[in-house]
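Please open the model in your viewer and keep the selection tool at hand. The stops below may be visited in order.

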Amino acid sequence: MPELPEVETLRRSLQGIQKRSVLGVYLSKLAPVEATTASALRQVVLDATIIQLNRWGKYLLIDLDNEQSLVVHLGMSGKLLWQQDEIPVRPLHTHMELNFDDGSVLRFIDARRFGTLSLTNRQRDNNPFLARLGPDYLNGALDEKIFLKRCHRHPKVNLKTLLLNQKVATGLGNIYACEALYQAGLDPCRLVSATNDQQLVELLIASKDRLKVGVKYGGTSFRDYLNGLGHRGKMKDFLQVYDREGQLTLDGRGTVQRIVQQQRSTFYCPEVQK
DNA sequence: GCGATCCTGGCC
DNA sequence: GGCCAGGATCGC
């Protein structure tokens, strides 16, 4: 579910857990702990103090005062909710709960369990998920030259598939990939090899722009997404094509069609995207 | 590179 | 009952 803007909004909404110490850790029997064991994860997190929150692509990194970080990926349906007035009933599908020294609780809730919980060291070089990520779209590390070089490694894929490949660059998901392609005026089915460098740079610029606007509006809430304080994002009202099959684009330039690529819906406007 | 697969829930 | 969902991996 959550793409870069949603995870960045989540990160910002959880600033209040900084300096809090973890007095209790609950992990459900089905907690999606990966690349380590539940007991090892519990041992690292218990009694640690939160230093700060970081983000890489769609991964949230909760830095601890013991040189380790808890790495949270929300998958399709995951939520992190920081509850300062503790709700007595543990919600269904709560897979992790951190109890802080001020009585507040951070809960990881994920019905589908496509999300993951893992650990990384300070250098961020021993986590298999982070190891697979390309440069983040918004942290300043991705310039035109680097983007072009990485695109040209995949000449035979279409542009939508390219954008969803987190190894090329990380942060775009289904919504913002569709929106970036619309803004760049590029057909999602077009192959990288049939796209010139100027067009690819337009795609990079559009991708960064849409992600920034997504952050500005606190992410997109269709069904599940809530930030750490339980609030919805407002970006849905600014989407041009996503989830608008058969309707006009938001700016009225044409009609939106839905096709399927990689078993995912792609929304685009043939009149605008060539 | 492509298709199947992991899961649960909501909606038609 | 069937289809769909802000994701990503693993076979062939």
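Predicted model: local features only at pLDDT ≥ 70, side-chain atom pairs only at ≥ 80, totals over all residues.

Is Asp101 buried, partly exposed or exposed, judged by its relative accessibility? Asp101 counts as partly exposed, at 36% relative accessibility; buried means under 20% relative accessible area, exposed over 50%, and partly exposed in between, with a 1.4 Å probe and protein chains only.

Residues are numbered from 1 along each chain as its sequence is written, chains are lettered from A and ligands numbered from 1 in the order in which they are written, and side-chain values use heavy atoms, with hydrogens and water left out.

**Stop 1: the partner of Asp101**

Select Arg20 together with Asp101: the two form a salt bridge whose closest N and O atoms are 2.7 Å apart. A salt bridge here is a side-chain nitrogen of Lys or Arg within 4 Å of a carboxyl oxygen of Asp or Glu. The pair links distant parts of the chain, 81 residues apart, with Arg20 in the loop between H1 and strand S1 (22-27) and Asp101 in the loop between strand S6 (94-100) and strand S7 (105-109). Helices (H or I, at least four residues) and strands (E, at least two) are DSSP runs, numbered from the N terminus. Arg20 is partly exposed, at 22% relative accessibility.

**Stop 2: Asp63 and Arg124**

Next, select Asp63 and Arg124, which form a salt bridge with closest N and O atoms 3.3 Å apart. Asp63 lies in strand S3 and Arg124 in the loop between strand S8 (116-121) and H3, so the pair ties together parts 61 residues apart in sequence. Asp63 is buried at 4% relative accessibility, whereas Arg124 is partly exposed at 23%. The whole structure holds 10 salt bridges.

**Stop 3: helix H1**

Select residues 4-13, which make up helix H1; 9 of its 10 residues are buried. Among the buried residues are Leu4, Val7, Leu10 and Arg11. Their cover includes strands S2 (50-56), S3 (59-64) and S5 (79-83), as well as helices H6 (174-184) and H7 (197-216).

Why are Arg12 and Glu8 separated by about one helical turn? The reason is that they are 4 residues apart in helix H1. Glu8 is buried at 7% relative accessibility, while Arg12 is partly exposed at 49%.

**Stop 4: Ala141 and helix H4**

Ala141 is found in the loop between helix H3 (128-131) and H4. Ala141 is partly exposed, at 41% relative accessibility. Leaving aside neighbours within four places in sequence, Ala141 is in contact (heavy atoms within 4.5 Å) with Pro135 and Ile146. In helix H4 (residues 144-151), select Lys149, which is exposed with a relative accessible area of 59%.

**Stop 5: Leu250**

Finally, select Leu250, in the loop between H7 and strand S9 (257-261). Leu250 is partly exposed, with a relative accessible area of 40%. The C-alpha atoms of Leu250 and Phe238 are separated by 7.4 Å, although these residues are 12 apart along the chain. Beyond its neighbours within four places in sequence, the contacts of Leu250 include Asp237, Phe238 and Arg244.
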